[in-house]
Amino acid sequence: MTLNFTSALRIGMTVATKTRLFPLLLAGAMLAAPPVFAQSLPLWKSYTQTGNIRDIVPSAGNDNSVAAWLGKKADTQNGRLQNPVINQRVLTTGPLQMSDIDTNYVLGTKLCGTSPLLGLMTTTTNPLGLIQPGNFAKLADTRAVSYWLNSGGATLLSEGWADGTGANASAAPNADVNAYIAQAQATGVQIIEADLNPWFTPSVPAADYSYATEGQLTSNAIFYKPDSDTATIPGGKTTQTLWARGLRPSIVFLNINFNSDFQAPTATSNHSDAFVSAAQSAISDIPKYLTSVRQVVPFLFVGYNPAQHSSSFDPLVEFAQDPYYQNDRSFYKSAGAISIDSPPSMTMGRLNGGRFVGDRIAPYLPDAYLRFIAGEAIWAKQNGIAVYWFSSPFQQDSTGTNQYGYDTLFHENTVALARYLAAHAVSGVNALPNYWMIGQYSNSALSNSIGRETDYESISSVMLEMSSATFTDRDHVNTTVDALMAAPGGKCPTVASFAGVQSGNPTMVRIQGSAPSVASASRYGINDVEDGLLIADQGGLKFADSVYDNSRSANQSVATVKGLADPNGNRGLLWTTRQFEEYGDGYHIDTYGAGFNGYNADGTPKIDPTDINAMIRATYFGGHFGFYFYAPNQGAMALDISRDRANFNVPVQIPNWSKAAILGDATPMDGMIINDLDDHVPVIYENGKWYPMQLGAALQ
């Protein structure tokens, strides 16, 4: 099965100071001290001032030479620092240990901060490569890169295929998908690439675009279906959607490809008002269904096309200044971010700083194409719009489909493109993107793959090169998007989940990629008590008080258990759990209550953790506070709060007061809404008065 995973329309070608006694005494003592204390006061005079030849200091050879005094000043011997003190922390002869970094981060390296992501990496061919970070260990350790999948890559991973031909590469596709999601979650940002589709852009009439139906390799049903947790994939098989598996994308890259007649230009505009309206509807739809989404990034669908529109403007400023693109400019401003898809080997040649296979000098496309696209990036950043640049392979000398071949100049031309973009500027703003996207959307096994970062033409190698801040613009960013594009800045320790512990003691772990490892005691401290647990020198976390430890007989978390008796003398049990997880910039704080199921042999109460009578979860992640309520064994997020909005996912009931109580409120505030119990009408307070809200006809 060989399929085209993208549309060429996305490509750029159309695509008191106080006097203190101690220092004075110390100064006097220094003047009277023997020579050993005079290390910092060499008795040199300037020969140029005295004219005395005895004041010439030799460079070496005696104890008063320049070399000798440098040794005393730096405390060196044979090229080695002997007793260095750095910011009040002493380095021993051994290697620097985690214990040398205390909880105040004395060395200045904060363990758990956040830093901006500089890039994203993907592949469609063999997406299994994405979950093999051992092949790109250095890249993974930069903490500057996350990952994303398009529908084809997500389906291939769910199928366990090696590529689009149906060859099996994995016998455990479910585990593969879950591993990918965990890896994406660990970076702090989850992302997908989607197309117009009936599942989460339903406001756009399906007659105006083509889409892959469920069961096809590139169907967006693999991500989310509003009425089901499963999706059909090729071969009639079913699998869980990525949403059902727990993927919660905060960013969606959206391909907006309408039918050719619908997106056709008019005589005066590159895109019609109807086109822009439909595109805006698609962007508005997605967060309504994928409720975790905070930013939709449309792929730029405006390319240089002099045959379609002859402009008098320089291509570098044509998009910014030509009235022909007014609708497009308005649309991108409303979106707040764009992604430019332009393969470097398609636009770079010897003529503009890149290379072309063989002796050819000119790039595959005339340089004006790249100047136009660079101008779009400059205009976007000048208008506060975040810019992503998708760099993918393009086989210049291919006899088939260039985008599906192996690009032997992928690495070199991507670097050359970055230098080209840095060198082109308007009013001090260059064309470098804020973030790089490195990957491919070919289903051909011959194309450049994730590979190893030591393979020069691999996607991971190019991503490692482009993740340098040298190749990104950090001076002109959209702060809202940049807050989403953030990752943990170090190896962040976390208290492990205790829910699966059956025997022994829970342990401290830290997140390091997707694998847990023993954490340093420096973050929390040996013998500290955290949430009723003693952090022990050996054995990890231990119970610090005499609560029941029923982990021998039940899968329970760290518990506080109290015996209860009702008025009839029946014995009961109150069990609660406080579970705290820290990862990156996010936190989960859970409180559970579990059921009572008889007694253990030793007479202690037996807890049935499968009967969760109630749970409250408060989360903070990616700038959002979420509040979840479960009872019993079913739950949902009730409230999602961020800096700019509050989303209620359950019905909201305003307070019910009598009219006298409302009018008697001594501190009303503008915008306050209360339900008037007397007149059965909501009232709102504005400009010093309460006003009844007009109700319409009753629902039928």
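The following legends describe close-up views of a predicted model.

**View 1. The open sheet of 8 strands.** The strands of this open sheet are arranged in the order β12-β11-β8-β7-β6-β17-β14-β13, and their pairing is parallel. At the edges lie β12 (295-298) and β13 (337-341), each of which pairs on one side only. From one strand to the next, the twist averages 25°.

**View 2. Strands β7 and β8 with helix α6.** Strand β7 (residues 145-149) is paired with strand β8 (residues 191-195) in the parallel sense, over 2 bridges. Within this pair, Trp148 is placed opposite Ile191 of β8. Helix α6 (residues 173-186) packs on the sheet and touches both β7 and β8. The direction of α6 makes about 140° with that of β7.

**View 3. Packing of helix α5 against helix α6.** Two packed helices are described by the angle between their axes and the distance between the axes. For α5 (residues 151-159) and α6, the packing angle is about 135° and the axes are 6 Å apart. Helix α5 is therefore oblique to α6. On the α5 side, the contact is made by Leu157, Ser158 and Glu159; on the α6 side, Pro173, Asp176, Val177 and Tyr180 take part.

**View 4. Helix α12 across strands β13 and β14.** Helix α12 (residues 367-382) lies across β13 and β14 (386-391). Relative to β14, helix α12 runs at about 150°. Strand β13 is also an edge strand of the open sheet, pairing on one side only, and β14 stands next to β13 in the strand order.

**View 5. The hairpin of β9 and β10.** Strand β9 (residues 230-233) pairs with strand β10 (residues 237-240) in the antiparallel sense over 4 bridges. Ile233 stands opposite Lys237 of β10. The hairpin has 3 residues between the strands, and Gly235 takes a positive phi near 85°.

**View 6. Chain segments with pLDDT under 50.** Over the protein chain, pLDDT averages 75, and 66% of the residues score at least 70. For residues 1-9, pLDDT stays under 50, and the model has 32 contacts beyond four places in sequence for this segment. Residues 489-526 likewise stay under 50 in pLDDT, with 107 contacts beyond four places in sequence in the model. Where pLDDT is low, the predicted coordinates should not be read in detail.

Note on methods
Residues are numbered from 1 along each chain as its sequence is written. This is a predicted model: local features need pLDDT of at least 70, side-chain atom pairs count only at pLDDT 80 or more; totals for chains, interfaces and linings use all residues. Side-chain values use heavy atoms; hydrogens and water are left out. Two strands pair if DSSP finds at least two bridges between them. Axes are lines fitted to C-alpha atoms, for helices over the stretch in contact, and angles run from 0 to 180 degrees between N-to-C directions. Contact means heavy atoms within 4.5 Å. Angles under 35 degrees count as roughly parallel, over 145 as roughly antiparallel, 65 to 115 as roughly perpendicular and the rest as oblique. pLDDT is the predictor's confidence in each residue, from 0 to 100.
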